[in-house]
Amino acid sequence: MPFADTTLRDEYAAAVERVAGRVLDALRGAGDPAAPARPSAPDPTRPTHPTPSAPVTPSTPSAPEGPLLDEGPLPKASLAAVRVLGPDLFAAPLLAGLPPDGPTADAAAEALDTFPMAESSPAHGATTAHPAPLDAALANAWRDRATARLVELAGRPAPVAGPEPACLPEPTAGDWPRWSVAMARLSALALPRLDGPVHDLARRHSLTLARGVTRSMLRRDYRTAARLARWLAWTEANGGPAHLDLGPVLDRIRAVGDGSTRMWLELSITERLSGAGTTAAGTPAEPTRPGNRPAHGSTGDSPDGAAA
Amino acid sequence: MTNAQIIATAQQVGSQALRWLHSYYDRGLGGFDDDVTMDLANPNDIYKPLGEVALATGLLLREGVAGADDTRIARQVIDLAWAELREGDLLYDRQLRYPLMTDPLEVYVHFARAGYRHRPLEDQLATLNRLHSVRAAEQLPSRRLASANARRVIGLDQLEDWDALAGATWLGATPEPWLIDWLTAYYVTHSVFHLTDWGARPECLAPHIRDYLRDWLPAWLEVWQEVGHWDLVGELLIVAACIGELEQGTTGWAALASAQQPDGLLPKDANTATEGDPAQLLADHGHTAVVAVVAATTTLARALGGTTGASAGAPAVALGAPPEN
């Protein structure tokens with residue numbers, strides 16, 4: 001609810017939290033009916049790999065079975081939030097092995113229509129001499145493109161996508177930290193049914209992603225750590241090696257992270273990606289365990305995985 | 001940065017750090033008062049740094065990868081340090097008075113590695129080596145490795161269970177790499193130093209430990225480089241050399257080169273004063289100079305094939321001057 005002294009930025013941020021709460025509810029309703037309430041103090045009886053806990057989201061009373069978004073025209077702030085969350089809007093059906101749902105796709109299409117799709121330099125414009133910029137605009141372009149793809153998979157008219165954005169360059173010994181932060185910005189792409197050059201990059205460099213998790217945790221940048229952990233969960237679910245035991249990482253972020261609904265959504269998606277063991281196509285995958293690692297670089301490409 | 005650039009940077013940083021150290025010891029700093037006895041009031045003040053200086057210069061002499069000038073300077077510094085310890089007599093007295101203490105052994109090994117031997121002390125250490133107490137001493141696991149490696153280098157009977165010693169350390173458990181803290185990072189680096197005898201025995205690092213280090217060393221280097229903790233960055237660069245992952249030190253070496261001052265002083269971190277009383281500067285930054293010399297020596301030995309660096313499996317051989325006692 002906007003207040004007179006609330007800036008537009010605050011209003012949009014609140015909307016993102018609100019919509020993220022809806023997605024989280026839907027995610028819990030679809031797969032975690034036994035999720036306990038978020039504890040106010042550490043619970044020594046908590047298992048090592050707890051089920052996702054519900055964040056405090058007073059403004060999200062919707063039932064898990066209900067529509068993700070309100071019926072009727074959405075206020076502009078909600079549309080902005082829909083665009084920011086992008087592919088995450090469809091987390092519940094995708095992680096349950098289902099296609100993206102129509103009503104959410106309609107809202108996503110409207111959001112992409114209301115706010116022009118982000119564009120970045122096209123892929124063929126990137127050369128070795130001029131590597132793609134690791135900036136936020138690039139991340140937004142990929143996110144919007146993935147959202148449009150999911151709208152299309154829902155059978156709804158997809159907004160016209162521009163040329164494919166440039167992919168990130170390969171990480172190097174000197175710039176891998178910056179590369180990992182750029183990949184963190186693209187974590188919304190780490191979902192079943194999305195696949196493409198960014199996913200290939202993640203497959204090829206899962207160890208670098210794991211180093212990024214380690215670095216971010218040590219720097220107490222828990223948002224980046226959570227996003228990179230999500231990519232790692234995705235690569236593992238797709239047959240990649242298990243570099244880190246993600247359960248304790250998620251526990252730690254839950255304990256010391258910023259507590260935002262969006263962070264909890266990121267963690268829940270990560271947990272579902274690793275716990276459910278779904279592949280990019282949404283079918284069960286053989287879980288991979290440390291100590292029994294497949295050869296580095298092996299992939300579990302899904303034949304029908306859609307290009308983001 | 002290519003391997004050639006890493007070698008060039010390491011050589012430059014190490015050589016300047018050695019000359020900085022030499023300039024302090026050469027003017028009489030870093031030594032004991034004349035009335036020092038085996039009952040050291042504070043072993044960390046003079047005694048431990050003397051051992052560390054001997055470590056750096058002794059390794060340089062062991063590997064033989066430094067230029068003629070640096071080799072000559074290193075010999076001068078270790079000679080000065082050996083003289084301060086009365087050519088081992090002080091270590092002998094201290095070990096005789098305190099048989100459970102391991103610091104005489106841990107200091108002596110750095111000299112022994114470079115050929116500075118004290119036979120009565122070695123006889124005493126051989127006797128102590130047969131006691132159950134020696135291996136039952138209450139010590140941190142990484143410190144226990146230090147004693148074990150010292151006995152190995154000196155050539156005492158090998159009664160150690162190296163797998164058990166390694167397994168008792170934090171590193172040996174290959175735990176969550178994202179939980180490491182500053183002090184634990186030092187335990188990790190020292191576990192590697194002692195298991196491999198400062199890079200001379202890379203094969204003594206179990207494959208799962210080597211793989212673990214190869215996976216996470218870049219993240220640790222990056223984190224401590226970002227906060228400018230040059231002393232720990234230098235120690236992690238030694239680890240990179242010990243496991244043969246020189247290219248992982250690319251940005252670390254560049255950062256050390258940038259942080260080093262024209263006179264060769266390498267600040268231990270980004271917060272400690274780098275000007276003022278010379279004795280204080282040596283106390284504050286002397287360890288980091290030692291680390292820089294060791295990092296450069298182990299890196300060059302690994303890249304160019306020093307006396308031990310090129311031959312995994314070769315025993316560490318004490319080189320240099322004949323026994324002085």
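This is a predicted model: local features need pLDDT of at least 70, side-chain atom pairs count only at pLDDT 80 or more; totals for chains, interfaces and linings use all residues.
## Where the two chains meet

The contact between the chains draws on 14 residues of chain A and 12 residues of chain B; residues count as in contact when their C-beta atoms, placed from the backbone, lie within 7 Å. On the chain B side, α11 (207–226) and α13 (250–259) each put in at least two residues. Helices here are DSSP runs of H or I with at least four residues, strands are runs of E with at least two, and both are numbered from the N terminus. The largest share of that side, 6 residues, belongs to α11(B).

Sorted by class, the side of chain B that touches chain A has 6 nonpolar, 4 charged and 2 polar residues. For that sorting, Ala, Val, Leu, Ile, Met, Phe, Trp, Tyr, Cys and Pro are nonpolar, Asp, Glu, Lys and Arg are charged, and the others, Gly among them, are polar.

Residues are numbered from 1 along each chain as its sequence is written, and chains are lettered from A and ligands numbered from 1 in the order in which they are written.

The model scores ipTM 0.91 and pTM 0.85. Going by pLDDT, the predictor's confidence in each residue from 0 to 100, chain B averages 91, with 94% of the residues at 70 or above. Residues 309–325 of chain B fall below 50, and that stretch has 40 contacts in the model beyond near neighbours in sequence. Chain A has a mean pLDDT of 77, and 69% of its residues reach 70 or more. Its residues 31–65 sit below 50, with 46 contacts beyond near neighbours in sequence. Residues 123–132 of chain A also stay under 50, and there the model has 16 contacts beyond four places in sequence.

## Chain A in outline

Chain A has 11 helices and 2 strands. Reading from the N terminus, the order is α-α-α-α-α-α-β-α-α-α-α-α-β. Take the contacts in chain A between residues at least 6 apart in sequence: 78% of them join residues at least 24 apart.

## Two crossing helices and a one-sided one

In chain A, the axes of α6 (residues 176–185) and α8 (residues 206–218) come within 9 Å and cross at roughly 90°. Axes are lines fitted to C-alpha atoms, for helices over the stretch in contact, and angles run from 0 to 180 degrees between N-to-C directions. Among the residues making the contact are Trp176(A) and Trp179(A) of α6(A), plus Arg211(A) and Arg215(A) of α8(A).

Helix α10 (residues 246–256) of chain A buries Leu246(A), Val249(A), Leu250(A), Ile253(A) and Arg254(A). Seen down the axis of α10(A), these fall within an arc of 135°, so they line one face of the helix; the arc is that of the directions from the helix axis to the C-beta atoms. Ala255(A) and Val256(A), on the other side of α10(A), are exposed.

## A buried arginine in chain B

Arg117(B) lies in the loop between α5 (103–112) and α6 (119–129) of chain B. Arg117(B) counts as buried because it has 20 C-beta neighbours inside 10 Å. The C-alpha atoms of Arg117(B) and Gly88(B) are 7.8 Å apart, with 29 residues separating the two along the chain.

Key:
Two residues are in contact if their C-beta atoms, placed from the backbone, lie within 7 Å. A residue is buried if 20 or more other C-beta atoms lie within 10 Å of its own, exposed if 12 or fewer, and partly exposed in between; C-beta atoms are placed from the backbone.
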